[in-house]
Amino acid sequence: YDEASARKAWVVGTEQILKTLKAKFEALVEWTAPSIHQAIQETVAEHQVGFGKVGLPLRVAITGAGQSPPMDAVCALLTPEEVGARLQRFMRSQG
């Protein structure tokens with residue numbers, strides 16, 4: 001992971017946010033950019049945080065960097081299992 005991006009992404013509450021997002025991803029019936037986007041938006045609403053508190057840690061977990069194309073599209077290119085594994089790996093590395 002890009003060190004500066006990982007430090008910026010990992011703040012108090014990030015682990016719980018990513019656990020919620022991972023569970024929402026695992027519950028998706030359809031693995032498409034729109035359904036992934038909806039899961040991200042639901043996580044933002046559920047945790048009552050700004051989009052960046054979900055988007056940046058997700059971006060770093062999936063791509064290793066702080067900038068990328070839209071995460072719903074990036075995640076849709078991967079399998080749900082790969083996205084889950086990358087989220088889990090990031091949480092272990094930061095926690």
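Trainee: Which helix is Ile-36 found in?

Mentor: Ile-36 is found in helix 3, where helices are DSSP runs of H or I with at least four residues, strands are runs of E with at least two, and both are numbered from the N terminus. This is a predicted model, in which local features need pLDDT of at least 70 and side-chain atom pairs count only at pLDDT 80 or more, while totals for chains, interfaces and linings use all residues. Residues are numbered from 1 along each chain as its sequence is written, and side-chain values use heavy atoms, with hydrogens and water left out.

Trainee: Is Ile-36 buried or exposed?

Mentor: Ile-36 is buried, because its relative accessible area is 0%; buried means under 20%, exposed over 50% and partly exposed in between, with a 1.4 Å probe and protein chains only.

Trainee: And what is Ile-36 in contact with, leaving aside neighbours within four places in sequence?

Mentor: Ile-36 is in contact with Phe-25, Leu-28, Trp-31, Asp-72, Cys-75 and Ala-76, contact being heavy atoms within 4.5 Å.

Trainee: Which residues touch the most other members of the largest nonpolar core?

Mentor: Of its 24 residues, those are Phe-25, Leu-58, Ile-62, Cys-75 and Leu-87; such a core is a set of buried Ala, Val, Leu, Ile, Met, Phe, Trp, Tyr and Cys residues joined through side-chain atoms within 4.5 Å. Helices 1 (3-9), 2 (14-27), 3 (33-47), 4 (52-63), 5 (71-77) and 6 (80-94) each supply at least two residues of this core, and the largest share, 6 residues, comes from helix 4.

Trainee: What does Ile-62 touch, not counting residues up to four places away in sequence?

Mentor: Ile-62 touches Met-71, Val-74, Cys-75, Leu-78, Val-83, Arg-86 and Leu-87.

Trainee: Switching topic, at what angle do helix 2 and helix 6 pack?

Mentor: They pack at about 165 degrees with their axes 10 Å apart, where axes are lines fitted to C-alpha atoms over the stretch in contact and angles run from 0 to 180 degrees between N-to-C directions. Helix 2 and helix 6 are therefore roughly antiparallel, since angles under 35 degrees count as roughly parallel, over 145 as roughly antiparallel, 65 to 115 as roughly perpendicular and the rest as oblique.

Trainee: Which residues meet there?

Mentor: Glu-15, Leu-18, Lys-19, Lys-22 and Phe-25 in helix 2 meet Val-83, Gly-84, Leu-87, Gln-88, Phe-90 and Met-91 in helix 6.

Trainee: Last one: what is phi of Gln-48 near?

Mentor: Phi of Gln-48 is near 50 degrees, a positive value in a residue other than glycine, whereas most residues other than glycine have a negative phi. Gln-48 lies in the loop between helix 3 and helix 4, and Gln-48 counts as exposed because its relative accessibility is 73%.
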